[in-house]
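Hello,

Here is the structure I promised to pass on. Have a look at it first, and then read my notes below.

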Amino acid sequence: VRFYMFNIFRKPQPQFPSKLEFYTYNNWKFIKRTPVKSAGKTFFLHSMHDEKDTMTNGITIITDKHYNPIGTHDYLMSNMPSLLDGYEMDVIKKKQNMGLGELLRLASIIEMKENGIEKIVMESVPSAMPFHIKYKLAPNITEPKDLLKALKKISSSTHSVGTFPKEAKNILDDIAKNGFSLKYFKEVNSLIAKYIRGNAGRWAETKINMQMPMCLTKSDVKKYASFYNKLFKKHEIDYRI
């Protein structure tokens with residue numbers, strides 16, 4: 001008589017593309033644990049209410065199949081005003097450059113859409129500005145002192161491509177001559193975005209050494225829907241903007 005042993009405890013293999021499911025806590029929707037693909041490997045992504053931190057109410061976590069955390073993003077979701085305020089986004093060193101930061105950013109866009117939030121806001125450290133610009137966040141300086149600081153940093157950049165330093169100097173000269181007005185915010189935020197995009201490949205020599213307020217609006221997300229949808233497809237996530 002032959003006996004055949006079957007492993008009845010073996011978990012089923014993840015199915016791709018993965019369909020997102022959500023659950024609700026405190027009237028906020030969070031992503032249930034779901035398999036995702038990045039750099040040819042399978043990871044798992046989920047978001048949850050963050051009970052450890054009084055400053056935030058949400059955290060997205062990327063893990064391996066053994067539930068070991070690899071990447072995290074803390075944020076605060078609010079109704080009044082309607083914002084997802086992003087705090088620290090972090091991927092462990094040995095798993096960087098595998099598209100996991102990209103997955104954390106996509107998860108924040110999913111949270112924004114599912115919860116009917118109008119805008120993602122955050123403060124970028126100098127080294128992360130090209131990353132945030134890549135995913136369509138825009139500089140959002142609203143204080144004159146920050147605007148002047150950014151213009152001075154760009155105007156004194158000796159390694160920049162293009163005419164960005166000259167453009168920054170012209171605006172500074174114009175402000176010195178005519179005084180400050182609100183029209184400069186739109187112009188300078190646009191210049192900063194172009195400067196970051198143009199210099200992303202040489203950022204170590206050209207980075208803007210200051211905290212940079214950045215944002216992504218609901219209308220921006222709709223505008224760049226095809227860009228995000230390609231990334232969902234790349235990571236084998238069955239989701240569309």
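**What I found**

Let me start with the largest pocket: strand S8 (83-91), helix H1 (100-114), strand S9 (119-124) and helix H2 each supply at least two residues of its lining. S8 gives the largest share, six residues. Helices (H or I, at least four residues) and strands (E, at least two) are DSSP runs, numbered from the N terminus.

This is a predicted model, in which local features need pLDDT of at least 70 and side-chain atom pairs count only at pLDDT 80 or more, while totals for chains, interfaces and linings use all residues. Residues are numbered from 1 along each chain as its sequence is written, and side-chain values use heavy atoms, without hydrogens and water.

By class, ten nonpolar, nine polar and seven charged residues line the largest pocket. Here Ala, Val, Leu, Ile, Met, Phe, Trp, Tyr, Cys and Pro count as nonpolar, Asp, Glu, Lys and Arg as charged, and the others, Gly among them, as polar. A pocket is an open set of points on a 1 Å grid over the protein atoms alone, where a 1.4 Å probe fits, with protein on both sides within 12 Å along at least five of seven lines; lining residues have an atom within 4 Å of a point.

Next, asparagine 170 sits in helix H4. Asparagine 170 counts as partly exposed because its relative accessibility is 41% (buried is under 20% relative accessible area, exposed over 50%, partly exposed in between, with a 1.4 Å probe and protein chains only). Its C-alpha atom is 52 Å from that of tyrosine 23, 147 residues apart along the chain.

Best wishes
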